[in-house]
Amino acid sequence: MYPVKDCQMLPNTMRALVLRDYDGKPENIGVAEMPMPRPGAGEVLVRIAASPVNPSDLMFIRGLYGFKKALPAIPGFEASGTVVAAGGGLMARLLVGRRVACAAADPGIAGGTWAQYLVTGASRCIPLHKDVDMEQGATLLVNPLTAWGLVEQARRGAHRAVVQTAAASALGRMIVRLARRFSIATINIVRRPEQVELLHKSGVEHVLNMNDATFDAELRDLCHSLGATISFDAVAGKLSARIIRAQPERSRLLIYGGLSQEPVRIEPGSLIFERKRVEGFWLSSWLRTKNALSRLRIAGKVQKLLATDLRTDIQARLPLEEAARGLEQYVTHMTSGKVLFLP
Ligand SMILES: NC(=O)c1ccc[n+]([C@@H]2O[C@H](COP(=O)([O-])OP(=O)(O)OC[C@H]3O[C@@H](n4cnc5c(N)ncnc54)[C@H](OP(=O)(O)O)[C@@H]3O)[C@@H](O)[C@H]2O)c1
């Protein structure tokens, strides 16, 4: 192992949030003393500074994510921190002492980011620019990169406008700003009047409440007048079918979240006669389509926008010991910003 000079004496244990069952019950997640993880070849040990709660973490805790880790497991998919040791390999050793954004969203990574330390692959760390603080750095890898990936789909297909659901989410607000940067209009769907007001106040023009009686007609008119031939859907369920119905022929619906926890039912005619397409979008798969150099290039561009288009609002900063309160606060106030654990 290659430790930095001032961290040669690493403790033998660390504090971490530990999940004991995938049943989503709060009593099955709590702080425990765990053995200090040791990095292997190509891996680094990161001392975690901050780690957010994202919808993907909630799905993971409930056993609904794309994979499960062996129990007891440490949840948390992304964080910021400082690399304090490397297990070998040039890339890993070059990261020692650097502030990084790091990811644990992979079944091959045993640990999670809701802990004092994480061992992860050097390739899953992005060195942070000097002007990016640990809080914004902690939220770099999931939402800002996804916003970039989704807006890239609209740019590549030369779509003039995008429909998006859960538009008042952290990611939704990033998509609005990023799309605007590339002159792509957005039609923003939310579920509460307060969210309509919130988006209007921040200068967003087209906002529709999915629970209004006029929603379907207004969505159809906007889709056709603005040429919204692609949509980004984080809600799924019945809403997906309503969007597909409203969009022009040959439109594309990308489902990237399942907030409604409902299945999607599409009329076959939309797919057959109107040649509309329904697909999934997952950041991990999209990143795999990029080589290491383009991943670094995209991460660089995204970091430059972290203070503006791709910024994340933070509603609470809590120690691991207050996990139950943090999770409850996030689940009941998702639109108010991210809850960060500061281990
Ligand atoms: N596929 C990928 O690779 C990928 C990557 C990153 C994120 N995501 C997905 O992106 C979505 C947004 O993430 P985020 O971190 O930006 O979320 P967030 O900031 O926590 O906000 C979640 C938003 O969704 C709304 N919402 C929750 N349940 C809903 C429902 N059943 N119907 C309609 N709206 C609902 C919330 O509104 P209320 O305040 O009314 O609850 C809130 O505005 C999530 O689904 C996440 O899983 C996917």
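N188 contacts Q164, A167, V176, L199, V204, H206, V207 and L208, leaving aside its neighbours within four places in sequence; contact here means heavy atoms within 4.5 Å. This is a predicted model, where local features need pLDDT of at least 70, side-chain atom pairs count only at pLDDT 80 or more, and totals for chains, interfaces and linings use all residues. Residues are numbered from 1 along each chain as its sequence is written, and side-chain values use heavy atoms, with hydrogens and water left out.

Staying with N188, the residue sits in strand β10, residues 185–190; strands are DSSP runs of E, at least two residues, and helices are runs of H or I, at least four, numbered from the N terminus. N188 is buried, at 0% relative accessible area, where buried means under 20% with a 1.4 Å probe, protein chains only. Its side chain makes a polar contact of 2.9 Å with the side chain of Q164, and another, of 3.1 Å, with that of T186. A polar contact is a pair of N or O atoms within 3.5 Å; within protein, one must be able to donate a hydrogen and the other to accept it, and residues adjacent in sequence count only if both atoms are side-chain atoms.

Now the ligand. A side-chain N or O atom of T335 lies 2.5 Å from a ligand oxygen. A polar side-chain atom of N143 is 3.0 Å from an oxygen atom of the ligand, while a polar backbone atom of Y256 is 2.9 Å from a ligand nitrogen. The protein covers 91% of the 940 Å² of accessible area that the ligand has on its own, by the Shrake-Rupley method with a 1.4 Å probe.

Definitions and conventions
Buried < 20%, exposed > 50% of the residue type's maximum accessible area, 1.4 Å probe, protein only.
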